[in-house]
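This briefing goes through a few structural elements, grouped by topic, for a reader who has the sequence and the model at hand. Please keep both in view while reading.

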Amino acid sequence: MKAYAIRTFGGPEGLVAVDLPTPAPAAGQVLIATEAIGVGGVDTVIRSGALAAYGFEEGFVPGGEVAGTVTAVGDGVDASWIGRRVWAFTGTGGGYVEQAVAPVGELVPLPEGLSVVDAVTLGSAGVVAHFGLRHAHFTSGETVLVRGAAGSIGIMAVQLAARGGASAVAVTTSSAERGERLRRLGATHVLDRSGAGEGGGGAPAGYDVIIDVVAGKDMPSFFDRLNANGRMVAVGAVAGQPPADFGTKIMTAFQKSMSFATFSAATVPAADRSTVRSAQFAAASRGEIETVVHDVLPLDAAVSAHRKMDAGEVFGRIVLTP
């Protein structure tokens, strides 16, 4: 079967087509004929080599979420899964393939009316946004800033914060056009990447919650935008690690009782993730949550997809189709 693997760490050209044997599902696993593959920010970070110290090696197949039809099951898996349309989490990788294996506990059946493209646009991003806001102890009436709102996680965080009764939902983004699109999704204030915008007027002076998808060298400056008892939660690091001394900002403002946390969906039990995904898939099929697809490309365009990601051109999710 065709797959895309990282031949060399670095730029998108390090991704190459390879021919791999079709895997057989092990005990507790299923085999899925993939029809849609989500391209995530973490895929580009792994491809760059930034996470090589964490055990990622050249030859690795990226991709953490797929949707398609179950074609075979391993030992201990109910055969009734065969023939069902599902979304699946394949782990930190293994998704850029024509045939993917996934644990049965990481499957969610797709409701009628939800396409496979929409499923991989929402599946991971919606869960991260949902539990990221919960990790921040967000409550109705609070002000929220989503830093890096043009990606799939940010877009979902905007929608969920607005639906959750936020008194203001500010976003940082790179252009006025993206800002207007985010307003239509629930944003009330549009700021530039530095957190400035709207002429200094209109936007809240501070925020109760900041959901940060970006991290990077500029992350500490956003502590200045937290209210007393404000909480910043980093749900991603698409711009890389923050400075080693980033916590100094919090300690300097000790009397504001601010807090910082990271959040990974890996810390949420699989059953809880599946419950939220099922609810979000159903909401999307009813039109209550909007999925934003930047482009649908063939699997052979994986390099092009990563170039778009690296260039910051993507609003929403790129989806690959075998």
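In this predicted model, the axes of helix 2 (residues 116–135) and helix 3 (residues 152–163) come within 8 Å and cross at roughly 55°. Helix 2 and helix 3 are therefore oblique to each other, and their crossing is right-handed.

**Helix 2 with helix 3**

- On the helix 2 side, the residues in contact are Thr121, Leu122, Ala125, Gly126, Val128, Ala129, His130 and Leu133, and they meet Ser152, Ile153, Met156, Ala157, Leu160 and Ala161 in helix 3.
- Sorted by class, the residues of this contact between helix 2 and helix 3 comprise ten nonpolar and four polar ones, with no charged residue.

**Helix 2 with helix 6**

- The axes of helix 2 and helix 6 (residues 270–285) come within 9 Å and cross at roughly 120°, and the two helices are therefore oblique to each other.
- Helix 2 passes helix 6 in a right-handed crossing.
- Here helix 2 contributes Ala119, Leu122, Gly123, Ser124, Gly126, Val127, His130 and Phe131, which meet Asp272, Arg273, Val276, Arg277, Gln280, Phe281 and Ala284 in helix 6.
- By class, the contact of helix 2 with helix 6 has seven nonpolar, five polar and three charged residues.

**Helix 1 and its cover**

- Within helix 1 (residues 41–48), the buried residues include Asp43 and Arg47, together with Thr44, Val45 and Ile46.
- Just after helix 1 comes Gly49, which takes a positive phi of about 95°.

- Six strands, in the order 10-9-8-11-12-13, form an open sheet in which the pairing is parallel.
- Strand 10 (189–191) and strand 13 (259–262) are the edge strands, each of which pairs on one side only, and the twist averages 20° from one strand to the next.
- Inside this order, strand 11 (residues 207–212) and strand 12 (residues 226–234) pair in the parallel sense over five bridges, and Tyr207 stands opposite Leu226 in strand 12.

Technical notes. Residues numbered from 1 in each chain as written. Predicted model: local features only at pLDDT ≥ 70, side-chain atom pairs only at ≥ 80, totals over all residues. Heavy atoms only, no water. Pairing = 2+ DSSP bridges. Helix = DSSP H or I, 4+ residues; strand = E, 2+ residues; numbered from the N terminus. Axes fitted to C-alpha atoms, helices over the stretch in contact; angles between N-to-C directions. Buried < 20%, exposed > 50% of the residue type's maximum accessible area, 1.4 Å probe, protein only. Parallel < 35°, antiparallel > 145°, perpendicular 65-115°, else oblique. Left-handed = near helix turned anticlockwise from the far one by under 90°. Contact = heavy atoms within 4.5 Å. Nonpolar A, V, L, I, M, F, W, Y, C, P; charged D, E, K, R; others polar.
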